[in-house]
Amino acid sequence: MSEQILVTGGTGYIGSHTTIALLEAGFEVVVLDNLCNSSVESLNRIERICGKRPKFYQADIRDRKALDQIFAEYQFNSVLHFAGLKAVGESVQKPLDYYENNISGSITLFQAMAQANVFNLVFSSSATVYGAPTEMPIREDFPTAAPTSPYGSTKLTIEVILKDLAKSDQQWSIALLRYFNPVGAHQSGLIGEAPNGLPNNLLPYISQVAIGKLHELSVFGGDYSTPDGTGVRDYIHVQDLADGHLCALKAISEDAGVRVWNLGTGIGYSVLEIIHAFEQASGRPVPYKLIDRRSGDIAECWADPRKAASELGWTAKRGLIEMMADSWRWQENNPLGYAS
């Protein structure tokens, strides 16, 4: 019998792409999602791509009764934990929502896992746990200082909880994957990033401007100490990110304890460079205006990905042109996201 994996947040952007990678690798996947920022239609698309459909439960990670029922029904080997609110700007406006959902929900999940004797976990963390580092690129041994947003604080708090959990019980085997900036979409054009309401991330906003759904892009801050004044980030193709989870899953099956890996390309691109690359890939103009900086943002952030390369055998394979082309194919084929 193939290994059974629980994927929380599995209908979301990164979760859905990772679910495809898991199914294609032969795992039996169970998805749990409350659909607060995703669509059940992604499961239909996953089935079209893979020829098989993951089991699905519409439930919240804060619902202990629902979790216990799911854990009782399956013999999970591992959990991949993506579920959580994820918008930096929104977290500044609604910190209590973020602390309650992300931290309380994660604690409830970890309690249910322990009760069910499931101790293998891959946690979807973030480069925001590094705060505003004084040098680049960012290595895993950099201090996890004060994050610049409540969103980042929730990720760091969950990391601390998991480290304490592993100290308390040596059965736990945990991967903390610190993502940089996921972009792109599955090359089929069938699944991609489909936020409910106004996009909080750069690429879906750019692509919705290009398709004519939004009027123009607001670029937060044109006065950073970067080559063109706009923020610089490490953009990684979501399918490379999904592959990284499979590598981490293999690693935690071999050793207990907590390990940390950055998942990024090691290359930083500015907002304006991303806009121009997207215009080139789509053949569409992306009108933009420079406005004030956004609370919680930092000037630049990119990864040193060498630890993941040496320990996981993982490197990002898809470049900027492919990221932009796949983003545009998804948007062009699905102008209304999954609603279309």
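Q: How many bridges join β4 to β5, and which way do the two strands run?
A: In this predicted model, strand β4 (residues 76–81) and strand β5 (residues 120–126) are joined by 3 bridges. The two strands run parallel.

Q: Which residue stands opposite V122 of β5?
A: That is L80.

Q: OK, and what sheet do they sit in? What's the strand order?
A: The order is β3-β2-β1-β4-β5-β6-β11, an open sheet of 7 strands. The pairing is parallel.

Q: Which strands are at the edges?
A: β3 (55–58) and β11 (257–263) are the edge strands. Each of them pairs on one side only.

Q: By how much are neighbouring strands turned against each other?
A: By 15° on average in this sheet, with direction ignored.

Q: Switching to voids. How many cavities of 30 Å³ or more are there?
A: The count is 2 at that cut-off.

Q: What's the volume of the largest?
A: About 70 Å³.

Q: Which residues line the largest cavity?
A: The lining consists of Y13, V183, G184, A185, E193, L203, P204, S207, S327 and W330.

Q: Which elements give two or more residues to that lining?
A: Those are α7 (202–210) and α11 (320–333). α7 gives the most, with 3 residues.

Q: How does the lining of the largest cavity divide by residue class?
A: There are 6 nonpolar residues, 3 polar and 1 charged.

Q: And the second largest cavity, how much space lies in that one?
A: The second largest cavity holds about 30 Å³.

Q: What lines the second largest cavity?
A: H81, A83, G84, N102, S106, F123, K155 and I158 do.

Q: Which elements give two or more residues there?
A: Helix α5 is one of them, and the other is α6 (150–168). This is the α5 that lies across β1, β4 and β5.

Q: What about residue classes in the second largest cavity's lining?
A: That lining divides into 3 nonpolar residues, 4 polar and 1 charged.

Methods. Residues are numbered from 1 along each chain as its sequence is written. This is a predicted model: local features need pLDDT of at least 70, side-chain atom pairs count only at pLDDT 80 or more; totals for chains, interfaces and linings use all residues. Side-chain values use heavy atoms; hydrogens and water are left out. Two strands pair if DSSP finds at least two bridges between them. Helices (H or I, at least four residues) and strands (E, at least two) are DSSP runs, numbered from the N terminus. Axes are lines fitted to C-alpha atoms, for helices over the stretch in contact, and angles run from 0 to 180 degrees between N-to-C directions. Contact means heavy atoms within 4.5 Å. On a 1 Å grid over the protein atoms alone, a cavity is a set of points where a 1.4 Å probe fits but cannot get out, and a pocket is an open set with protein on both sides within 12 Å along at least five of seven lines; lining residues have an atom within 4 Å of a point. Grid points are joined across faces, edges and corners, and a volume is the space filled by probe spheres set on the points. Ala, Val, Leu, Ile, Met, Phe, Trp, Tyr, Cys and Pro count as nonpolar, Asp, Glu, Lys and Arg as charged, and the others, Gly among them, as polar.
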